[in-house]
Amino acid sequence: MEPDNPKLDDYILGCAAHERPRICLIPTASGDAEGYIDRFYRAFEGKAETSHLSLFKRDDRELRQFLLNQDIIYVGGGNVANLLVIWRLHGLDVILREAWEVGVILCGISAGMNCWFESSVTDSF
């Protein structure tokens with residue numbers, strides 16, 4: 001999501017099985033910051049079918065079905081400690097593991113990268 005350097009975004013899109021993959025942003029770590037969500041939509045405009053999942057302003061979507069229907073799940077940066085607690089509260093930790101097991105590409109930056117590992121360095125505390 002760097003406007004002057006789309007190489008990583010393009011690489012992730014190229015890993016998907018479809019030419020126009022379904023990619024979903026989970027912006028939990030930023031508290032669902034609107035600016036972050038807007039940048040995501042701009043970065044992938046015309047390249048993918050985009051959506052985002054807000055856990056702070058929940059809608060009536062069934063989380064498991066929605067996420068398992070994605071080709072790529074992109075997790076944004078922010079506070080990794082808060083992200084993990086909120087995910088567990090909503091059962092997203094279990095759903096995301098299932099998504100990975102069926103081949104959904106999981107990626108992200110900063111907290112959105114750290115969240116996939118058993119341990120990492122963080123300034124969340």
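Where is the place of S110? I located S110 in the loop between β4 and α6 (111-114). I took helices (H or I, at least four residues) and strands (E, at least two) as DSSP runs, numbered from the N terminus.

**Entry 1. Basis**

I noted that this is a predicted model, in which local features need pLDDT of at least 70 and side-chain atom pairs count only at pLDDT 80 or more, while totals for chains, interfaces and linings use all residues. Residues are numbered from 1 along each chain as its sequence is written, and side-chain values use heavy atoms, with hydrogens and water left out.

**Entry 2. The chain as a whole**

I counted 6 helices and 4 strands in the chain. Along the sequence I read the pattern α-β-α-β-α-β-α-α-β-α. The C-alpha trace spans about 35 × 30 × 25 Å along its principal axes.

I then checked the radius of gyration, taken over C-alpha atoms, against the globule rule of 2.2 Å times the number of residues to the power 0.38. For 125 residues a compact globule would have a value near 14 Å, and the chain agrees with 14 Å.

I looked up burial next, with buried meaning under 20% relative accessible area, exposed over 50% and partly exposed in between (1.4 Å probe, protein chains only). Of the 125 residues, 42% count as buried. For contacts I required heavy atoms within 4.5 Å. Among contacts between residues at least 6 apart in sequence, 77% join residues at least 24 apart.

**Entry 3. Strand pairing**

β1 (residues 22-26) and β3 run parallel and are joined by 4 bridges; I found L25 with Y74 of β3 as its bridge partner. β1 also pairs with β2 in the parallel sense, over 4 bridges, and here R22 has E49 of β2 as its partner. β3 and β4 (residues 105-108) likewise run parallel, with 4 bridges, and I72 stands opposite I105 in β4.

I recorded β1 as mostly covered, with 4 of its 5 residues buried. Which way do the residues of β3 (residues 72-75) point? I72 and Y74 point one way, I73 and V75 point the other way, and all are buried. In a regular strand the side chains alternate between the two faces of the sheet.

**Entry 4. S51 in β2**

I found S51 in strand β2 (residues 49-52). S51 counts as buried because its relative accessibility is 13%. Leaving aside neighbours within four places in sequence, S51 is in contact with I23, C24, L25, F40, Y41, F66 and Q70.

**Entry 5. Loop residues**

D32 has a positive phi of about 60° although it is not a glycine. D32 lies in the loop between β1 and α2 (34-44), and with 7% relative accessibility D32 counts as buried.

S110 is a residue other than glycine with a positive phi, near 55°. Is S110 buried, exposed or partly exposed? S110 counts as partly exposed because its relative accessibility is 47%.

I placed G77 in the loop between β3 and α4. G77 is buried, with a relative accessible area of 11%.

**Entry 6. The largest pocket**

I searched on a 1 Å grid over the protein atoms alone, a pocket being an open set of points where a 1.4 Å probe fits, with protein on both sides within 12 Å along at least five of seven lines; lining residues have an atom within 4 Å of a point. Grid points are joined across faces, edges and corners, and a volume is the space filled by probe spheres set on the points.

About 310 Å³ of space lies in the largest pocket. Its lining consists of L84, W87, R88, D93, L96, R97, W100, L106, C115, W116 and F117. Which helix gives the most to this lining? α5 does, with 4 residues. α4 (80-90) and α5 (92-101) each supply at least two residues.

I classed Ala, Val, Leu, Ile, Met, Phe, Trp, Tyr, Cys and Pro as nonpolar, Asp, Glu, Lys and Arg as charged, and the others, Gly among them, as polar. By class, I recorded 8 nonpolar, no polar and 3 charged residues in the lining.

How values were computed: Two strands pair if DSSP finds at least two bridges between them.
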